[in-house]
Amino acid sequence: MHILLTRPLEDCSNLIVRFKELGHTVSHLPVIKIKKLEHNQPEFNDYTAFIFTSTNSIKNLNLDNINKTIKCFCVGTSTEKFARKVGFQNVISSDGNVRALKELILQNHDKKDGKLLYISGEFISYNLDKDILKEGYDISRLINYSVDHNDEIKAEIIEELKKNIPDIVYIYSENSAKSFLNIIKNYHLIDSWMNTNLMCIGEKTSSVLNNIKWKKIFLFSPGEEEFLLYKV
């Protein structure tokens, strides 16, 4: 099969290798780019646990003065692996769903255990911090990155897509869906996807692209990409 991945290269390089090992053709069209945001440095020692809902929240964090033994709650295995890679030792992960992450936090961090720091991007699909606050927890949110549409698409990538429309496209966020929609409109590819399966994280993401004619639309969580290959 021909698979199109749309995340920045550093976030999907392992998946590209894995899919190629399985014998698939893989194209890469990064539809968004990550921008680090300047922010006031919090007093990390005031917190007893961190919450990460993406690897980008870790990548854009100054790790120099952070105690790596602090408890870390991660949204999925890829975020968990990256947290461990940069040195965090006490890492707990959910199954890739933010609502499951909330339940994981409630089960493993008592209100009396101290303050939580939720580190995230500017745009989020679910107000995790507000929901945890309603449960009576002391939680703050640190926004350390943002997402921009990628307007530097290489012409040769578009030409290759026109010649060989993918069998599967993976879209990872609502912003990515909006950016992908803009790209296929700008390059007159809006009617090219009737034989393509669209894989989206969440209904908000898929709703952006619902008006495009797809073969099928599937919802998935990070880490399920390979499993989805066997459903099409």
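This report describes salt bridges in a predicted model.

## Basis

Local features need pLDDT of at least 70 and side-chain atom pairs count only at pLDDT 80 or more, while totals for chains, interfaces and linings use all residues of this predicted model. Residues are numbered from 1 along each chain as its sequence is written, and side-chain values use heavy atoms, with hydrogens and water left out.

## Salt bridges overall

The whole structure contains 11 salt bridges (a side-chain nitrogen of Lys or Arg within 4 Å of a carboxyl oxygen of Asp or Glu). One network of salt bridges links Arg-18, Glu-21 and Glu-226.

## A pair between strands

Lys-35 and Asp-148 form a salt bridge, with an N to O distance of 3.8 Å. Lys-35 belongs to strand β3 (residues 32-36) and Asp-148 to strand β8 (residues 139-149), so the pair ties together parts 113 residues apart in sequence. Strands (E, at least two residues) and helices (H or I, at least four) are DSSP runs, numbered from the N terminus.

Lys-35 is partly exposed at 40% relative accessible area, and Asp-148 is partly exposed at 27%. Buried means under 20%, exposed over 50%, and partly exposed in between (1.4 Å probe, protein chains only).

## Pairs within helices

In helix α3 (residues 77-85), Glu-80 and Arg-84 lie four residues apart, about one turn of the helix. Their side chains meet in a salt bridge at 3.3 Å, N to O. Glu-80 is buried at 19%, whereas Arg-84 is partly exposed at 39%.

Helix α6 (residues 155-163) holds Glu-159 and Lys-162, three residues and about one helical turn apart. The closest N and O atoms of their salt bridge are 4.0 Å apart. Glu-159 is partly exposed at 39%, and Lys-162 is partly exposed at 41%.
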